Amino acid sequence: MKTRSLTLRRNTDRLVSLISATAALFGIAMLAWILGTVILKGIDAINWEFFTELPAPPGMAGGGLANAIVGTLGITAMAVLLGVPVGLAAGVWLAEFGQQSKRAEAIRFACNLLMGTPSIIIGIFVYILLVLTTGSFSGFAGAVALAIIMLPVVARTTEDMLILVPGALREAALALGVPRWKTTLDIVFRAASTGLLTGILLAIARVGGETAPLLFTALNSPYWPESPNAPTANLTVTIFNYAMSPYDDWQTLAWGASLLITVSILGTTIFTRGILWYRSKS
Amino acid sequence: MLRRTHLSLDPAFRWLTLTGGLFVLALIIAIFLTLVEGSLPALKEFGFSFLFSQNWNPVTEQYGALSSIYGTLASTFIAMLIAVPLSLVIALFLVELAPPQVSRIVGGAIELLAAIPSIIYGMWGLFVFAPFMADHFQPLLAGMTPGLPFFTGPPMGIGLLSAGIILALMILPFITSVTRDVFAMVPAVVKESAYGMGSTTWEVMRKVTLPYGIQGVVGACFLGLGRAIGETMAVTFVIGNRHEISASLFSAANSIASTLANEFTEADSDLYLAALVELGLVLFGVSVLLQIAAQWWLRRTAKRMGASR
């Protein structure tokens, strides 16, 4: 073995430490740069009108994104209603019934594939499935696309959370003659409720900022959302359209929408992480 | 009587939840079949030449995916080139160097990078990062490497290089967090014996931690790769959207995902739409293959690490 002087080894060690600390600092600096930009540029657009008014035509001062805010909330709510129950069901089956069976492995594998599928592909799928067949872009199609993205996330976190519930709890309930479905819904779910909630919140945070699956499904609209069967205004596609437009007013609005989206999503994420952290501590 | 009604609900409950699981399975198959069916006209018209032609012209109805495929691969490659070493050293910092308090805060901050939506990276990339690249980084790079074809041409800010760097930032948290977990799994006893022999932190890292965790790190890279390859909005904002392959990384290009995002709603003929859906099929195929490779690799690793304990 080659012998190296201790000084050389120590200095190499110091150099590597320095590089790795710098890299970590670089990561944080980039986060700060991005968040700083969004806050500084977005804050100008945030005012009362931003939350209450429809967008103004280009060139005219004022206007807000009230319709897009309502639209995004509506689409996300519909997606939760569609995606969460199915995801919960799948998670329950994997944890309580499927366990290590071949069929369960196949479903888990499908969940992972779906999670790894680029969201724009989901957009194309829903476009062919719902937009081409009905002949119209719609908020409902957008919600379906988001629901498909949420589904595997909810399924896998549900499974993980249910597995953490001690088996003795199930056995105790079953021994008292409580039927299986009631054991799961009343006892296992109650024991895992915080975990299930955080899983759902994280899934919402994940789809809340999605743009690609909405581009060809919900599209966008300058009007108030009136029906789930028509193109629906939403924040993320609005950001895309306005950022690419040559009008300064619109670009400012796009920054305002970016700030709103970022704050909501990071807020949800940090809140959820906080719950998980607090729970693991106690 | 009551007990009997309860008993009869259990199979129903079981089947209901199973339906949820099977639905996921059915979705994956449905997505594949839908994409195949949607791209049939283009498949028939162009066959394999679709993958190898650079000619993308909606006016003459000629469609070739090569420039999009090249852009996807090149931007992903740049992203991996930056993100993998960076993630490794950050994970080293988090596990071996930083005090636990610092490690938790820094680790949390890095993970927040993953929570920022893609479109925000796009906004920042287009309006802040691209001008920065054009004014400072690209001229510097071009000046440092005279004669290299990769860094030539006007520094516009947007283009393959900028897209690759932003992608690197986006996948950094994924690779870092898996790598960190893998490094943390190395048994303390093994590390302590190396320290006890007088090794420095770097030597323990290079000769103990890294060999022990290398397979997990490779798995983490697969995951990052899968993320980067289908990333849409951030890339669409900064890549420049041009259907041509150029040696320079400064030049505008496109990727499969950015082509889809830009042109899908504009597709006015059946063949145009089919060509775009076929692009989607290519992307879906690649991401499925990557996922399968990643799963297989991680499973193998888990088995080996389990056996070695």
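**Note on the predicted two-chain helical model**

1. Read along its sequence, chain B follows the pattern α-α-α-α-α-α-α-α-α-α-α. The model under review is a predicted one. Chain B has 11 helices and zero strands. Taken along the principal axes, the box filled by the C-alpha atoms of chain B is roughly 80 × 70 × 35 Å.

2. On burial and contact range in chain B, two values may be noted. Of the 309 residues in chain B, 47% are buried. Among contacts between residues at least 6 apart in the sequence of chain B, 77% join residues at least 24 apart.

3. The interface between the chains deserves a separate point. On the side of chain B, 64 residues are in contact with 68 residues of chain A. At least two residues of this side are supplied by each of helix 1 (2–46), helix 3, helix 4 (100–115), helix 5 (118–144), helix 6, helix 8 (201–230), helix 10 (256–263) and helix 11 (270–308) of chain B. Helix 1 of chain B gives the largest share, 21 residues. By class, the side of chain B that touches chain A divides into 44 nonpolar, 18 polar and two charged residues.

4. Within chain B, one helix pair is of interest. The axes of helix 3 (residues 66–97) and helix 6 (residues 160–184) of chain B come within 6 Å and cross at roughly 40°. This crossing of helix 3 and helix 6 of chain B is right-handed. The contact between these two helices of chain B has 23 nonpolar, seven polar and one charged residues.

5. Within chain A, helix 3 (residues 66–98) and helix 9 (residues 193–208) have axes that come within 11 Å and cross at roughly 130°. Helix 3 and helix 9 of chain A are therefore oblique to each other. Helix 3 of chain A passes helix 9 of chain A in a right-handed crossing. From helix 3 of chain A the contact draws on Thr76(A), Ala79(A), Val80(A) and Val84(A), and from helix 9 of chain A on Ile200(A), Ile204(A), Val207(A) and Gly208(A). These contact residues of helix 3 and helix 9 of chain A comprise six nonpolar, two polar and no charged.

6. The largest nonpolar core holds 176 residues, and the members that touch the most other members are Met150(A), Ile166(B), Leu167(B), Ile171(B) and Val238(B). Leaving aside residues up to four places away in sequence, Met150(A) touches Ala79(A), Gly83(A), Val84(A), Gly87(A), Ala203(A) and Val207(A). Ala79(A), Val84(A) and Val207(A), among these, also take part in the contact of helix 3 with helix 9 of chain A.

7. Most residues other than glycine have a negative phi. Gln99(A), which is not a glycine, has a positive phi near 45°. Gln99(A) lies in the loop between helix 3 and helix 4 (102–116) of chain A. Is Gln99(A) buried or exposed? Gln99(A) is exposed, because 12 other C-beta atoms lie within 10 Å, and a residue with 12 or fewer counts as exposed.

8. Leu219(A) is found in the loop between helix 10 (212–215) and helix 11 (235–243) of chain A. With 22 other C-beta atoms within 10 Å, Leu219(A) is buried, the cut-off for burial being 20 or more.

Notes
Residues are numbered from 1 along each chain as its sequence is written. Chains are lettered from A and ligands numbered from 1 in the order in which they are written. This is a predicted model: local features need pLDDT of at least 70, side-chain atom pairs count only at pLDDT 80 or more; totals for chains, interfaces and linings use all residues. Axes are lines fitted to C-alpha atoms, for helices over the stretch in contact, and angles run from 0 to 180 degrees between N-to-C directions. Helices (H or I, at least four residues) and strands (E, at least two) are DSSP runs, numbered from the N terminus. Angles under 35 degrees count as roughly parallel, over 145 as roughly antiparallel, 65 to 115 as roughly perpendicular and the rest as oblique. A crossing is left-handed if the near helix is turned anticlockwise from the far one by less than a right angle, and right-handed if clockwise. Two residues are in contact if their C-beta atoms, placed from the backbone, lie within 7 Å. Ala, Val, Leu, Ile, Met, Phe, Trp, Tyr, Cys and Pro count as nonpolar, Asp, Glu, Lys and Arg as charged, and the others, Gly among them, as polar. A nonpolar core is a set of buried Ala, Val, Leu, Ile, Met, Phe, Trp, Tyr and Cys residues joined through C-beta atoms within 7 Å.
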